[in-house]
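Colleague: I have a model open and I'd like to learn how to read it feature by feature. Can you walk me through it?

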Amino acid sequence: MLVEVVANNGNLLLNVGPKADGTIPEGQISRLKGLGQWLAINGEGIYDTRCSRCESYQLENLSFHFTSKGPDRYCFVDGLSAGNQTFEFPCSVQVHCLNPEVKFSQYIEQDHVKINLENYKDDWQVLCFKAVNGE
C-alpha cells in the first residue's frame with residue numbers, strides 16, 4: 001500500500017495509536033518494525049521521491065509502480081511468487097535491485113528489459129529496481 005500511495009503522489013497515514021495505558025499494541029509494533037526493515041533496503045525509492053511519468057499498471061498477477069527523484073527512476077514490483085520468475089519493464093535501460101540479496105539477470109531489448117529473478121523470497125514483499133542511467 002505504501003508503494004502505491006507514494007507512486008501516485010500521496011501520503012500514507014499509518015494511524016498508530018497507544019492504548020489507554022500509553023503502550024502501543026504488539027501487532028502495530030511488529031508491522032512498524034517490518035515496514036522499517038523494508039524501508040532500510042528500499043527507502044531510496046521512497047524518501048524524497050515524486051510520482052514518475054510512468055503510470056502504475058498491472059500485468060497478469062504483478063503490479064508495477066514508479067517513483068522518481070531527480071534523474072533517477074525507480075520501479076516497484078508487487079505480486080511476485082517465491083523462487084524463479086521472469087517479467088518485463090517498459091524501459092530499455094539497465095536496472096539494479098536495491099535489495100543486494102536478490103539474484104537476477106537482465107536482457108535489454110528494444111523497448112523493454114526482461115528480468116529473470118533467481119531467488120525471490122516472499123518476505124521481501126515488494127522489490128525495488130532503479131534505472132541505472134536514470135531513464
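Colleague: Let's start with the inside. How many residues does the largest nonpolar core have, and which have the most contacts inside it?

Modeller: Keep in mind that this is a predicted model. To find a core, look for buried nonpolar residues joined through side-chain atoms within 4.5 Å. Here the largest such core has 21 residues, and Val 77, Phe 87, Phe 89, Leu 117, Leu 127 and Phe 129 have the most contacts inside it. Strands E3 (62-69), E4, E5 (83-89), E6 (95-97), E8 and E9 each give two or more residues to this core. E8 gives the most, with four residues.

Colleague: And what lies apart from that core?

Modeller: Another core, of 11 residues, with Leu 2, Val 6, Ile 46 and Phe 76 among them.

Colleague: Back to Phe 129. Which residues does Phe 129 touch, leaving out those up to four places away in sequence?

Modeller: The list includes Val 77, Phe 87, Phe 89 and Leu 117, which are also among the residues with the most contacts inside the largest core. Phe 129 also touches Arg 73, Tyr 74, Cys 75, Val 95, His 96, Cys 97, Phe 104 and Ile 115.

Colleague: Now the helices. How do I read H2, and which of its residues are buried?

Modeller: Check the length, then the faces. H2 covers residues 26-42, 17 residues in all, and reaches 24 Å from its first C-alpha to its last, close to the 24 Å expected. Its buried residues are Gln 28, Trp 38, Leu 39 and Asn 42. Seen down the helix axis, the buried residues of H2 fall within an arc of 100 degrees, so they line one face. Glu 26, Lys 33, Gln 37 and Ala 40 are exposed on the other side of H2.

Colleague: What do the buried residues of H2 pack against?

Modeller: Helix H1 (2-7), strand E4 (72-78) and strand E9 (127-131).

Colleague: What about strand pairing: in what sense do E7 and E8 pair, and over how many bridges?

Modeller: As a general idea, side chains in a regular strand alternate between the two faces of the sheet. In this model, E7 (residues 104-108) and E8 (residues 113-120) pair in the antiparallel sense over five bridges. A hairpin of four residues joins E7 to E8, and Tyr 107 stands opposite Lys 114 in E8.

Colleague: Where is Cys 51, and which residues does Cys 51 touch?

Modeller: Cys 51 sits in strand E1 (residues 50-51). Cys 51 counts as partly exposed because its relative accessibility is 32%. Not counting residues up to four places away in sequence, Cys 51 touches Val 6, Ala 7, Asn 8, Asn 9, Phe 66 and Ser 68.

Colleague: Zooming out, what does the secondary structure come to?

Modeller: Two helices and nine strands, in the order α-α-β-β-β-β-β-β-β-β-β along the sequence. The C-alpha trace spans about 60 × 30 × 25 Å along its principal axes. Buried residues make up 37% of the 135 residues. Among contacts between residues at least 6 apart in sequence, 52% join residues at least 24 apart.

Definitions and conventions:
Residues are numbered from 1 along each chain as its sequence is written. This is a predicted model: local features need pLDDT of at least 70, side-chain atom pairs count only at pLDDT 80 or more; totals for chains, interfaces and linings use all residues. Side-chain values use heavy atoms; hydrogens and water are left out. Buried means under 20% relative accessible area, exposed over 50%, partly exposed in between (1.4 Å probe, protein chains only). Contact means heavy atoms within 4.5 Å. The expected span of a helix is 1.5 Å times one less than its number of residues. The arc is that of the directions from the helix axis to the C-beta atoms. Two strands pair if DSSP finds at least two bridges between them.
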